[in-house]
Amino acid sequence: MTRPMFPAPMRAQSDEGPAIGFHALGRQLLDPSPDVRRSAALLVAALRPADVAPALVRAIVRYGDDVLLDAARAFGHQLTAVVAREVLDHSLGPSHRARLLEVLGETRDPFAVRVLREAAKDLDPTVRIAAHVALLALDQRNAAEGVEAALLSPRPEQRAQALRLLRRLDLPAARALERGHMERYVADGAAIPADITAALPLLL
């Protein structure tokens, strides 16, 4: 099994300047201010310093900002090992573990599949749904069935989570699942929203 190719992330040099700069970036990723985190995440996405990867993962667990997830996407499979270790930490809450599973789906790393398949059997539905959508992102067979089950759940929060995660994926399979959900919604007697894209989270 081969990994997708990504340019190697930068490592801090031995001289104090770059090392201190990357250390500061790590602190900024964990800053309480969304603006500070956003600026740091954009820089991390551009430079991909390997030494900042653990701080980026902690920031995703703590805050879950879209811009942090985008920065993680830039690292590709370089984050797999760090994220996989955190996912196995059951002291983290389900929503925190779900964020990490979303990162694994974005790594495009086939070596993340085993972790995701285990998570798809988790007792918590929040974790299971995130794992199924991440497996869909990795183009895994039967992943759509797990996502479909979430979209058919009688619990609105589970359907909402599945839709939110699907909308992040730029994949034909994700669009097909969204369309299927919309068609069921309409068949049940609801009106078609004027703006499907903006209204999809309301199709619950």
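This is a working chat about a predicted model of one protein chain.

User: Ground rules before we start?
Analyst: The model is predicted, so local features need pLDDT of at least 70 and side-chain atom pairs count only at pLDDT 80 or more, while totals for chains, interfaces and linings use all residues. Residues are numbered from 1 along each chain as its sequence is written, and side-chain values use heavy atoms, with hydrogens and water left out.

User: How many helices and strands in the protein chain?
Analyst: 12 helices and zero strands. Helices (H or I, at least four residues) and strands (E, at least two) are DSSP runs, numbered from the N terminus.

User: What share of the residues is buried?
Analyst: 45% of the 204 residues. Buried means under 20% relative accessible area, exposed over 50%, partly exposed in between, with a 1.4 Å probe and protein chains only.

User: Among contacts between residues at least 6 apart in sequence, what part joins residues at least 24 apart?
Analyst: 61% of them. Contact means heavy atoms within 4.5 Å.

User: On to the core. Which residues touch the most other members of the largest nonpolar core?
Analyst: Leu29, Leu56, Leu79 and Leu101, in a core of 58 residues. A nonpolar core is a set of buried Ala, Val, Leu, Ile, Met, Phe, Trp, Tyr and Cys residues joined through side-chain atoms within 4.5 Å.

User: Which helix gives the most to this core?
Analyst: H8, with eight residues.

User: What is Leu29 in contact with?
Analyst: Leaving aside neighbours within four places in sequence, Leu29 contacts Arg37, Ala40, Ala41, Val44, Val52, Ala55, Leu56, Ala59, Tyr63 and Leu68.

User: Which residues of H3 are buried?
Analyst: Ala53, Ala55, Leu56, Val57, Ala59, Ile60 and Val61. H3 is mostly covered, with seven of its 10 residues buried.

User: Take Val57. Where is it?
Analyst: In helix H3, residues 53-62. Val57 counts as buried, at 1% relative accessibility. Beyond neighbours within four places in sequence, Val57 is in contact with Leu79, Val82, Val83, Glu86 and Leu100.

User: How far apart are Val57 and Val83?
Analyst: 6.7 Å in space, C-alpha to C-alpha, and 26 residues in sequence.

User: What comes just after H3?
Analyst: Gly64, with a positive phi of about 70 degrees. Asp65 also lies in the loop between H3 and H4.

User: Asp65, buried or exposed?
Analyst: Buried, with a relative accessible area of 17%. The C-alpha atoms of Asp65 and Arg99 are separated by 9.7 Å, though the two are 34 residues apart along the chain.

User: And H4, which residues are buried there?
Analyst: In H4, residues 66-75, they are Val67, Leu68, Leu69, Ala71, Ala72 and Phe75. Gly76 follows H4, with a positive phi near 60 degrees.

User: Where does Asp139 lie, and where is Asn142 found?
Analyst: Asp139 lies in the loop between H8 and helix H9 (143-151). Asn142 is found in that loop too. Asp139 is exposed, with a relative accessible area of 68%. Asn142 is partly exposed, at 47%.

User: New topic. How many cavities of 30 Å³ or more?
Analyst: One. On a 1 Å grid over the protein atoms alone, a cavity is a set of points where a 1.4 Å probe fits but cannot get out; lining residues have an atom within 4 Å of a point.

User: What volume does the largest cavity have?
Analyst: About 70 Å³. Grid points are joined across faces, edges and corners, and a volume is the space filled by probe spheres set on the points.

User: Which residues line the largest cavity?
Analyst: Glu102, Gly105, Glu106, Ala130, Val133, Ala134, Ala137, Leu165, Arg168 and Leu169. Helix H6 (94-106) and helix H8 (125-137) are the elements that give two or more residues. H8 gives the most, with four.

User: What is the lining by class?
Analyst: Six nonpolar, one polar and three charged residues. Ala, Val, Leu, Ile, Met, Phe, Trp, Tyr, Cys and Pro count as nonpolar, Asp, Glu, Lys and Arg as charged, and the others, Gly among them, as polar.

Notes:
1 Å grid on protein atoms, 1.4 Å probe; cavity = no way out; pocket = protein on both sides within 12 Å on 5 of 7 lines; lining within 4 Å.
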